[in-house]
Amino acid sequence: MDNWQFWAAAAAITAGIAATLLQALRRGDAQADDGAALKVYTDQLAEVDRDLGRNVISAPEAERLRVEVSRRLLDADRALQNAASKGGKGSALPAVLLIIAVLAAAIFAYNRLGAPGYADLPLQARLAISDENYRNRPSQEAAEAAAPAPKLAQADPQFTALMAQLRAVVKTRPDDVQGLALLAKNEAQLGDFIAARKAYQHLVEVKGDSANLDDHLGLAQTMIVAAGGFVSPEAEKHLIVVLQADPKNGLARYFSGLMFAQIGRFDRAFALWQPLLAEGPADAVWIGPIRAGLQEVADRAGIKYQLPDTGRGPTAGDVAAAGQMSGADRQAMIQGMVAQLEDRLSTEGGPVEEWVKLINALGVLGEADRAKTATDQAKAALPAEAATLDAALAAALKTAQNPPMGAPAAKGPNAADVAAAADMAPEDRQAMIKGMVGQLQSRLYSEGGALPEWLKLINALSVLGEADQGREAYGRAQTVFKDDPAALEQLKSAAVAAGLAQ
């Protein structure tokens with residue numbers, strides 16, 4: 001035990017107090033009078049001698065009184081001794097049990113509410129640490145250098161040629177507003193967010209005072225994505241410009257809350273995010289990330305809060321159709337929806353109808369083994385529904401032989417996948433991204449992978465607000481690359497930039 005000195009001191013103090021209490025209880029109430037009755041009879045004997053000396057009573061009468069008072073004196077002494085003995089024996093056991101109960105309650109409360117093994121960290125010290133984190137944040141360029149390098153999207157040759165021409169034109173006309181705007185947009189579509197940030201930043205500088213709120217917000221968002229989800233001081237300045245003019249701006253409030261969470265001011269992050277979640281709308285782009293991270297923010301801020309419940313998983317229509325989406329996007333979206341339902345049922349349980357939905361959905365995805373596992377879990381939780389679950393599994397296994405959605409999984413998302421899918425509805429985009437990240441996470445945990453893929457996973461989980469999973473991925477990656485100092489340094493830089501480590 002690393003903090004044995006604390007526990008040794010606590011045990012010594014507790015033992016001393018217990019011994020004092022037990023000694024006091026063992027004496028009992030009999031000693032409270034401290035022999036008052038004995039004193040009365042002793043005084044009476046003295047009074048008999050005085051009366052005899054004054055000839056108030058005769059010698060025979062005096063002798064008779066002495067005998068009677070002495071008898072009462074002996075009886076009183078015997079009674080007091082018995083009372084003290086009985087009081088000590090009767091009070092010791094309850095006292096010991098009470099002390100043990102109080103000690104156990106104290107240990108339980110400290111284990112739940114305290115931080116065993118950590119030094120004292122009072123509020124003022126924590127606020128000082130947060131202020132230090134705020135002041136010493138990496139710059140935009142440093143954060144970009146530490147962020148995992150994104151994998152650029154594959155463009156057709158014609159688009160590549162047009163981009164080369166556009167870059168050349170912007171070099172010859174570096175202050176052309178229209179050219180800079182077009183360059184920033186297309187660099188982002190290619191996944192080169194650092195180049196997009198540079199073009200966007202120069203665009204805002206050229207516009208100067210004529211730059212509108214969309215320009216500042218767009219630049220801030222591009223900076224954050226280019227930095228792997230980290231809100232740099234430069235990005236914060238543009239968020240402040242937006243919020244000063246439009247305090248209700250949802251995206252600026254979300255990113256500001258993300259910045260506060262990254263420096264350890266979870267109370268201020270909660271104050272920004274909780275109203276955003278309550279205000280909606282449900283299809284706002286920030287709702288998904290806030291739902292993913294708000295409960296942890298509240299817990300770490302010491303705020304009693306229960307995340308509101310929403311939908312209970314995909315319906316048959318969700319799995320069977322998303323006709324307006326491309327095949328790859330539809331596959332990723334459904335993977336994410338099914339994974340959420342599977343995780344909830346395996347941890348919280350649910351009615352048989354939801355288990356059947358999950359089994360059927362896994363069959364549609366071609367996940368026969370997962371369908372069997374889900375059926376076993378459901379039968380263990382709902383033994384009376386075994387026949388219904390077996391029938392669902394049989395149908396799912398048949399579907400899994402030729403699954404309509406069973407395309408091989410991609411190797412994992414890049415930064416562009418996580419940051420943008422602009423043609424999709426927000427809820428579809430969120431589900432798609434979670435599905436893609438979940439596939440990468442599952443593959444790396446089971447099969448392993450190269451360092452860039454682990455960096456991608458850590459970055460993606462941070463962007464999604466999955467801080468706990470991001471820290472878990474960081475820990476697993478450290479184990480995988482424990483013998484590679486250079487890889488460990490890159491992992492640490494990525495985790496720090498993502499707000500998962502210090």
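Leaving aside neighbours within four places in sequence, Asn-186 is in contact with Phe-159, Met-163 and Leu-166. Please keep in mind that this is a predicted model. Here are the points that I would go through with the structure open.

1. **Asn-186 and its helix.** Asn-186 sits in helix H7, which covers residues 177–190. Is this residue buried or exposed? With a relative accessible area of 10%, Asn-186 is buried, because the cut-off for that class is under 20%.

2. **H6 against H7.** The crossing of H6 past H7 is left-handed. On the H6 side, the contact is made by Phe-159, Met-163, Leu-166, Arg-167 and Val-170, while H7 brings Gly-179, Leu-180, Leu-182, Leu-183, Asn-186, Glu-187 and Leu-190. Sorted by class, the contact of H6 with H7 holds eight nonpolar, two polar and two charged residues.

3. **The chain as a whole.** The secondary structure comes to 23 helices and zero strands. The chain has 502 residues, and 36% of them are buried. Among contacts with a separation of 6 or more, 60% are between residues 24 or more positions apart.

4. **Helix H8.** Which residues of H8 are buried? They are Phe-193, Ala-196, Arg-197, Ala-199, Tyr-200, Leu-203 and Val-204. When reading such a list, recall that an α-helix has 3.6 residues a turn, so residues three or four places apart point the same way. Just after H8, Gly-208 takes a positive phi of about 60°.

5. **H10 against H11.** Helix H10 (residues 233–245) and helix H11 (residues 250–263) have axes that come within 10 Å and cross at roughly 140°. H10 and H11 are therefore oblique to each other, and their crossing is left-handed. Glu-236, Leu-239, Val-242 and Leu-243 of H10 make the contact with Ala-252, Arg-253, Phe-255, Ser-256 and Met-259 of H11. By class, the residues of this contact divide into six nonpolar, one polar and two charged.

6. **H12 against H13.** These two helices pack at an angle of about 140°, with their axes 9 Å apart. H12 and H13 are therefore oblique to each other, and H12 passes H13 in a left-handed crossing. In H12, the residues of the contact are Phe-266, Asp-267, Ala-269, Phe-270, Trp-273, Gln-274, Leu-276 and Leu-277; they meet Ile-287, Ile-290, Arg-291, Gly-293, Leu-294, Val-297, Ala-298, Arg-300 and Ala-301 in H13. The contact of H12 with H13 divides into 12 nonpolar, two polar and three charged residues.

7. **A cis peptide bond.** Where is Pro-281 placed? Pro-281 lies in the loop between helix H12 (266–279) and helix H13 (287–301). The peptide bond from Gly-280 to Pro-281 is cis, with omega near 0°. As background, most peptide bonds are trans.

8. **Phe-481 in its loop.** Phe-481 belongs to the loop between helix H22 (467–480) and helix H23 (485–497). This residue is buried, with a relative accessible area of 14%. What does Phe-481 contact, leaving aside its neighbours within four places in sequence? The partners are Gly-449, Ala-450, Leu-451, Trp-454, Ala-487, Leu-488 and Leu-491. For one of them, Ala-450, the C-alpha to C-alpha distance to Phe-481 is 9.7 Å, and the two are 31 residues apart in sequence.

9. Thr-42 is a residue of helix H2 (residues 36–53). At 44% relative accessibility, Thr-42 counts as partly exposed, because that class runs between the 20% and 50% cut-offs. Thr-42 and Ser-70 are 28 residues apart in sequence, and their C-alpha atoms are 8.4 Å apart in space.

Terms used
Residues numbered from 1 in each chain as written. Predicted model: local features only at pLDDT ≥ 70, side-chain atom pairs only at ≥ 80, totals over all residues. Heavy atoms only, no water. Axes fitted to C-alpha atoms, helices over the stretch in contact; angles between N-to-C directions. Helix = DSSP H or I, 4+ residues; strand = E, 2+ residues; numbered from the N terminus. Parallel < 35°, antiparallel > 145°, perpendicular 65-115°, else oblique. Left-handed = near helix turned anticlockwise from the far one by under 90°. Contact = heavy atoms within 4.5 Å. Nonpolar A, V, L, I, M, F, W, Y, C, P; charged D, E, K, R; others polar. Buried < 20%, exposed > 50% of the residue type's maximum accessible area, 1.4 Å probe, protein only.
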